[in-house]
Protein chains: 2
Amino acid sequence: MRDVPFARRPITINPVNSPTPGQCGDCGARHIGLCDALTDEDLGFLARVAQRVVISAGKTFIDEGTTANHFYDITQGDVRVFKSLADGRRQITGFMGVGHFIGLAVSGQYAFSAEAITDVKLCRFDRGPLLEVFAEFPALERKLLDVATHEMVIAQEQMLLLGRKTAIERVSSFLISWSERSDPYPDGTSKTSTVNLSLPMSRTDLADYLGLTTETVSRSFSQLKRDGLISFTDVHEVTLLKPQRVAALTAGEQ
Amino acid sequence: MRDVPFARRPITINPVNSPTPGQCGDCGARHIGLCDALTDEDLGFLARVAQRVVISAGKTFIDEGTTANHFYDITQGDVRVFKSLADGRRQITGFMGVGHFIGLAVSGQYAFSAEAITDVKLCRFDRGPLLEVFAEFPALERKLLDVATHEMVIAQEQMLLLGRKTAIERVSSFLISWSERSDPYPDGTSKTSTVNLSLPMSRTDLADYLGLTTETVSRSFSQLKRDGLISFTDVHEVTLLKPQRVAALTAGEQ
DNA sequence: CGGGACTTTGAGCTTTCTCAACGATGGTGG
DNA sequence: CCACCATCGTTGAGAAAGCTCAAAGTCCCG
């Protein structure tokens, strides 16, 4: 169910209900991303223009080139955002998890597609009404600017990776940044001991994210295994045995 | 003077004066970028926290990792924005021209460096005061969000280029997007006839932007010349003889 | 006119890709 | 419940795109 081929599927979205402020309290993304910018009371205004939707693994819910009618906030699961060329070549520009905000667009059209990697739950906002809410809560727009700025920083790092790093550096960089994303101790505590990571995406996803082929991703993993830096319990479960030595392979910046 | 080697130079900034609203009227960037979001009267508030600075070709004016004290608006010339690895490998993430806004940062530090390609004039804003102006003019913050969103779209396109396009596709893509940027007729009128482009950056800059080597950039240009699609009057002056055929080589999206 | 930096071209090499086969895994139907 | 099948992942061998190293050509300035 998890690794559905990413061939274009018809877009099917199942609105479940409008979250109430109380429901927002239960939301996995309540205190990250956009929603963290508001107090519980103010969140009601946001909830009023929101719908909860469920997307099953492998399904496309944003199609590049279509009219940008919605914003989305991920409340559960992981998403791949990507662009494609006419001949099918694909570049995944990001893996987005809980709390990530998707849907910023210029000239009214999405410049990217988005698909569920796992089963995904989203908070969906209608564009028009949400823009009105923004006018009322400048904190939201400020937050959105922060989000966009942060995305830009990550995008620049990815350009550096894609333009200038070797295969092993790319894979190592991915492992480290993915571990930092899942890391409850961003102070680096975990870097000294082993780290367990869940990789919900397929090797093809990884290849399309890192600008490589699946074979090269696989060979890089095998090399890291051979060198005793990582181990796999399952194809989608990796352990960083020597996080610092992996980090040393990322060709750190500056 | 134009092609100064891009080895790190000491940062030298020469504040010239604070622009007055009247001076803003003369500014090359008055009706593009950030400043276009304000009326002539409101622009006075912005001008109050601005200083005009001049950077000579080749000079660094933003250094990755340093404290982000300023925002910049380019009023003349071209700039390269880039990230570097410890061993000197460099990825140019963008060429910025008149009207472009530079300086968005998270966690108070620049995540990139910026250097003048040509002699450059900038409008420099102190971070603190500018944020106060933002609070007063939400239109500015909105505009900034638009800018950031647009940057993100371009960044995603660049990731697609870096991760998935061939050398000739990268060079063609660059030529087309550079022509669209300089194109006074964005409706495509110019695509049918020849287009003259000025390329202020060096081949090394192009290589570091496209994730190639200078040799490969040069060979790609030579191939396009051989095929009769482009011609050079000078190393920095290219003519697209068959813009549509060049566009056909970019592996257009979707 | 000469020197230095940049660009172009050539030849050989390396990394990564392509093509192919084999192995593992998970879901399905008998 | 197990066997089968489709899909995904890994490994190997050869091919190719782009890189490295080298040398010659061009241009700008002093």
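**View 1. Helix 5 and helix 6 of chain B are roughly perpendicular to each other.** In this predicted model, the axes of helix 5 (residues 167-182) and helix 6 (residues 203-210) of chain B come within 11 Å and cross at roughly 110°. Axes are lines fitted to C-alpha atoms, for helices over the stretch in contact, with angles from 0 to 180 degrees between N-to-C directions. Angles of 65 to 115 degrees count as roughly perpendicular, those under 35 as roughly parallel, those over 145 as roughly antiparallel and the rest as oblique. Helices are DSSP runs (H or I, at least four residues) numbered from the N terminus. Arg170(B), Val171(B) and Phe174(B) of helix 5 touch Leu206(B), Tyr209(B) and Leu210(B) of helix 6; contact means heavy atoms within 4.5 Å. By class, this contact has 5 nonpolar, no polar and 1 charged residues. Ala, Val, Leu, Ile, Met, Phe, Trp, Tyr, Cys and Pro count as nonpolar, Asp, Glu, Lys and Arg as charged, and the others, Gly among them, as polar.

**View 2. Helix 6 of chain B meets helix 7 of chain B.** The axes of helix 6 and helix 7 (residues 214-226) of chain B come within 8 Å and cross at roughly 100°, which makes helix 6 roughly perpendicular to helix 7. Arg203(B), Thr204(B), Leu206(B) and Ala207(B) on helix 6 meet Thr214(B), Val217(B) and Phe221(B) on helix 7. These residues divide into 4 nonpolar, 2 polar and 1 charged.

**View 3. Helix 4 of chain A and helix 4 of chain B are roughly parallel to each other.** The two axes (residues 138-164 in each chain) come within 9 Å and cross at roughly 20°. Their crossing is left-handed, meaning that the near helix is turned anticlockwise from the far one by less than a right angle. Residues in the contact include Leu144(A), Leu145(A), Ala148(A) and Met152(A), with Leu144(B), Leu145(B), Ala148(B) and Met152(B). By class, the contact has 14 nonpolar, 4 polar and 6 charged residues.

**View 4. Residues 1-14 of chain A have pLDDT under 50.** pLDDT is the predictor's confidence in each residue, from 0 to 100. For this stretch the model has 43 contacts beyond four places in sequence. Where pLDDT is low, predicted coordinates should not be read in detail. Chain A averages a pLDDT of 88, and 88% of its residues score at least 70.

**Notes.** Residues are numbered from 1 along each chain as its sequence is written, and chains are lettered from A and ligands numbered from 1 in the order in which they are written. Local features need pLDDT of at least 70, side-chain atom pairs count only at pLDDT 80 or more, and totals for chains, interfaces and linings use all residues, while side-chain values use heavy atoms, with hydrogens and water left out.

Conventions:
Helices (H or I, at least four residues) and strands (E, at least two) are DSSP runs, numbered from the N terminus.
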